[in-house]
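Subject: Handover of a structure

Dear colleague,

Please find the structure below, together with its sequence.

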Amino acid sequence: MSSPTGRSDTEWMSSALALARRGWGETWPNPTVGCVLVKDGAVLARGRTGRGGRPHGEAVALAAAQAAGTDVRGATAYVSLEPCAHHGRTPPCAEALVGAGIARCVVATGDPDPRVAGRGVAILRAAGIVVVEGVGRAEADEISAGFFCRVQQGRPLVTLKLATSLDGRIATAVGDSKWITGAPARARGHLLRAEHDGILVGIGTALADDPELTCRLPGLDSRSPVRIVADSGARLPVDSALVRSAPAVPLWLMCAEDAPADNVTALEACGVIVRRLPRGADGHVQPAALLQALGGQGMTRLLVEGGGTLAAALLAADLVDRLAIFRAGVVIGGDGIAAIGGFGLQRLASARRFARSSLGETGDDVLETWTRGA
């Protein structure tokens with residue numbers, strides 16, 4: 001569809017979507033929204049949702065236009081997500097756009113939040129603003145998939161990241177794993193961390209690798225996600241790298257309700273946020289309960305980095321939405337440690353199915369991304 005500005009709505013919307021995507025990992029519990037204000041073939045202002053979810057993208061763009069002394073009356077607003085319609089800490093974005101006097105609003109996709117869910121578009125139309133919906137919807141839905149998942153299922157979108165040999169191993173039989181993939185793949189893995197709200201590992205990985213789980217790319221150190229350890233017994237050592245860095249980068253420990261009180265007290269004294277959950281029949285904190293707890297805290301995008309037991313538990317519970325598999329040109333053999341542990345699958349018909357989203361090179365390695373199948 002052509003816009004009054006000469007360029008197509010799709011072209012202008014691509015700018016708003018690019019802005020929104022840049023907010024991954026920064027805006028939870030709110031969605032990341034991009035907004036571009038256009039008039040007479042020129043961009044008047046741009047904005048994206050601020051860190052922590054406020055101000056919203058539309059408000060940022062309107063404020064930028066105002067600061068520049070730019071009149072946005074009669075302009076078209078391109079927004080990656082339906083403008084909000086509810087009063088919170090800030091006024092509704094739909095009302096702000098009406099008040100600014102825009103003539104047209106192009107919306108990529110709707111907001112399923114019950115407080116919005118069509119009301120934002122209705123406010124715009126009631127004010128006489130022309131609304132065009134669905135431009136760039138597929139990309140917008142992917143950008144907001146984590147927010148949608150939290151709103152609709154009460155949990156974050158789960159991406160399982162694996163770095164494996166050609167035969168699906170993450171370490172040798174004695175646990176040697178540094179490094180299976182090369183430096184470019186590891187750097188891409190750090191970028192994945194920056195694009196997520198939280199990063200989750202099991203206690204086995206935490207004990208074996210003593211990781212930091214931070215984003216260590218130049219200029220992105222402030223984008224480290226919340227580190228989360230699934231640790232039913234609260235066994236994480238207080239002298240571990242994770243605990244030592246807890247005052248600087250948030251660390252949440254998800255343990256069972258009956259975890260040893262002394263362990264919990266010692267961890268909390270070091271700045272660890274301990275969250276207690278019911279212990280399942282297998283003795284471990286159950287994945288569904290853990291994810292619901294994270295969703296209850298507002299988390300929208302979760303990256304899972306290990307290990308094989310945790311990966312198997314999430315897959316068995318059908319709680320993995322995306323796979324990011326870095327595959328290196330090395331063969332370790334059947335006595336190596338499998339990327340995914342067993343979860344009792346008997347029939348191939350019951351296997352978890354994924355559709356490949358992309359395939360690309362990262363140095364000498366390959367990155368495959370997969371999306372949960374129907």
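Angles under 35 degrees count as roughly parallel, over 145 as roughly antiparallel, 65 to 115 as roughly perpendicular and the rest as oblique. This is a predicted model, in which local features need pLDDT of at least 70 and side-chain atom pairs count only at pLDDT 80 or more, while totals for chains, interfaces and linings use all residues. Residues are numbered from 1 along each chain as its sequence is written, and side-chain values use heavy atoms, without hydrogens and water.

Helix α3 (residues 93-100) packs against helix α4 (residues 119-126) at an angle of about 20°, their axes lying 9 Å apart; helices are DSSP runs of H or I with at least four residues, and strands are runs of E with at least two, numbered from the N terminus. Axes are lines fitted to C-alpha atoms, for helices over the stretch in contact, and angles run from 0 to 180 degrees between N-to-C directions. The two helices, α3 and α4, are therefore roughly parallel to each other. A94, E95, L97 and V98 of α3 meet G120, I123 and L124 of α4 in this contact (heavy atoms within 4.5 Å).

The model also holds an open sheet of 9 strands with mixed pairing, in the order β11-β10-β9-β8-β12-β6-β13-β16-β15; two strands pair if DSSP finds at least two bridges between them. At the edges stand β11 (273-277) and β15 (354-362), each with a single partner strand, so one side of each has no neighbour in the sheet. From one strand to the next, the twist averages 20°. Strands β9 (residues 226-230) and β10 (residues 251-256) pair in the parallel sense over 4 bridges.
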